[in-house]
Amino acid sequence: MPVSLLDSALFRDMFGTGAMRSVFDDQATLARYVEVEVALARVQARLGIIPHEAARQIEQLADARKLDMERIKHDTENVGYPILPLVHQISDMCGEAGGYLHWGATTQDIMDMATVLQVRQALALVDADLAELDSILDQMAAQYRDTPMAGRTHLQHALPVTFGYKAAVWLLMVRRHRERLAQLRPRVEVGQFGGAAGTLASLGEQGLAVHQALMEDLGLESSPVTWHVARDGLAEAVQFLGLVTGSLGKIAYDIMLMMTNELGEAFEPFVKGRGASSTMPQKRNPISCELITYSARAVRQHCGLMLDALIQDFERATGPWHLEWSAIPESFILTAGALNQAKFMLAGLEVDTARMAHNLDMSGGLIVAEAVMMGMAPHLGRQVAHDVVYDACRVAAQERRLLAAVLKENATVSAKLTVQQIESLCDPANYLGSAPRMVDRTRAWNNGSA
């Protein structure tokens, strides 16, 4: 078993995606460090802080692809952070101009800025996946808008719903997450540049000008004060991923239950061999659902780590920062993996409407006892109707008969209702409430408005 599933050549594409891993791998991280150092030199040259020729040389010669990885690894283990070893190597690349690298910056500035650039790219990938999932669920809700099935509470038949209604519930979660993402990005995609203790003292009166110019150069939001020890933005990003994967986990849990032999209402896409057992040829296990629920639970743990990382001492902390180094990339990779599995599963979901109808009739009409009671109430009074239906339900359950048949034999009921009326009241398809219209409202809902 590898140390991490996310790095395992065997498992990594089950729990993540290559696109998201490429945002956070070593090469990408070092490239972001270099990108920030080059941008800093560029804006400082524009502001007259370092020579233009030095900035030009740095921009031309600083190349993350030429870094000696073994050397930077060795030096990072010694220093404890990768930025000083990185600056030494880039300085060597740039010759005399290298003396103007990292001017007024501190290690955490460069690392935080790189992290924010990575998070921005990662959130864009999540945004695209959510948009695709939105489209899949929107089509599903429309297709099954009027398809009746048993609604269940406490794992028991409650009232009829439609499968489109169920899909609309899933869809609304995704749309709220898309709304959340748009709202949080300005709070998360905020650059970091404050110098040793956050005051930009080494740059004198030009500190804030450098800060603003650097943010503009990199396309990031600017913070009014350094956030070295105010980590709520990055923590919010991971909490958001916890919400996304939690919602995906709810969808996966529903489908896992619907795939059981006892229900048999929906199934993950059939791919020969997928979900097979080595000993039981009949098995069709819910593989995507299992991977999604794993990811939801793992990301939830990282949410806790990020909340722990909020508790920092004074102006530069003594260790909580390191929690982010694993929690942020792992959370994004797991979320990408869960979204990928959800898109695959839902886009090819096999829905058995006949089995849904069979299961809906399983109780012989008991699932619409409320409908029968409310339909009889105008004729008998609500409490009398309740008592009549209650007794009829007990007889139907004990004798395994249809509720409609029992009611037809009841003199009190037959005196007030025709056979056709009784049968209509006992038909689950006639008691869907506002479910179909709720599907329409959800599909029309966008950015918080119906």
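Contact here means heavy atoms within 4.5 Å. The structure is a predicted model, in which local features need pLDDT of at least 70 and side-chain atom pairs count only at pLDDT 80 or more, while totals for chains, interfaces and linings use all residues. Residues are numbered from 1 along each chain as its sequence is written, and side-chain values use heavy atoms, with hydrogens and water left out.

The protein chain contains 19 helices and 4 strands; helices (H or I, at least four residues) and strands (E, at least two) are DSSP runs, numbered from the N terminus. Its C-alpha trace spans about 100 × 50 × 35 Å along the principal axes. The radius of gyration is 30 Å, whereas a compact globule of 450 residues would have one near 22 Å; this radius is taken over C-alpha atoms, and the globule rule is 2.2 Å times the number of residues to the power 0.38. Of the 450 residues, 48% count as buried, where buried means under 20% relative accessible area, exposed over 50%, and partly exposed in between (1.4 Å probe, protein chains only). Among contacts between residues at least 6 apart in sequence, 75% join residues at least 24 apart.

Helix H8 (residues 163-188) packs against two other helices treated here. Its axis and that of helix H10 (residues 232-258) come within 10 Å and cross at roughly 170°. Axes are lines fitted to C-alpha atoms, for helices over the stretch in contact, and angles run from 0 to 180 degrees between N-to-C directions. H8 and H10 are therefore roughly antiparallel; angles under 35 degrees count as roughly parallel, over 145 as roughly antiparallel, 65 to 115 as roughly perpendicular and the rest as oblique. On the H8 side the contact includes Phe 163, Trp 170, His 177 and Arg 180, and on the H10 side it includes Glu 236, Phe 240, Lys 250 and Asp 254. By class, the residues of this contact divide into 13 nonpolar, 3 polar and 6 charged. Ala, Val, Leu, Ile, Met, Phe, Trp, Tyr, Cys and Pro count as nonpolar, Asp, Glu, Lys and Arg as charged, and the others, Gly among them, as polar.

The axes of H8 and helix H19 (residues 435-444) come within 9 Å and cross at roughly 25°, so these two helices are roughly parallel. H8 contributes Gly 164, Tyr 165, Ala 168, Leu 171, Leu 172 and Arg 175, and H19 contributes Ala 435, Met 438, Val 439, Thr 442, Arg 443 and Ala 444. The contact has 8 nonpolar, 2 polar and 2 charged residues.

His 211 sits in helix H9 (residues 207-218) and is buried at a relative accessible area of 6%. Residues up to four places away in sequence aside, His 211 touches Phe 193, Leu 200, Ser 222 and Ser 223. Glu 265 lies in the loop between H10 and strand E3 (266-267) and is buried, with a relative accessible area of 0%. Beyond its neighbours within four places in sequence, its contacts include Arg 152, Glu 350, Asp 352 and Arg 355.

Most residues other than glycine have a negative phi. His 154, however, has a positive phi of about 55°, and phi of Leu 155 is near 65°. His 154 is exposed at 77% relative accessible area, and Leu 155 is exposed at 71%.
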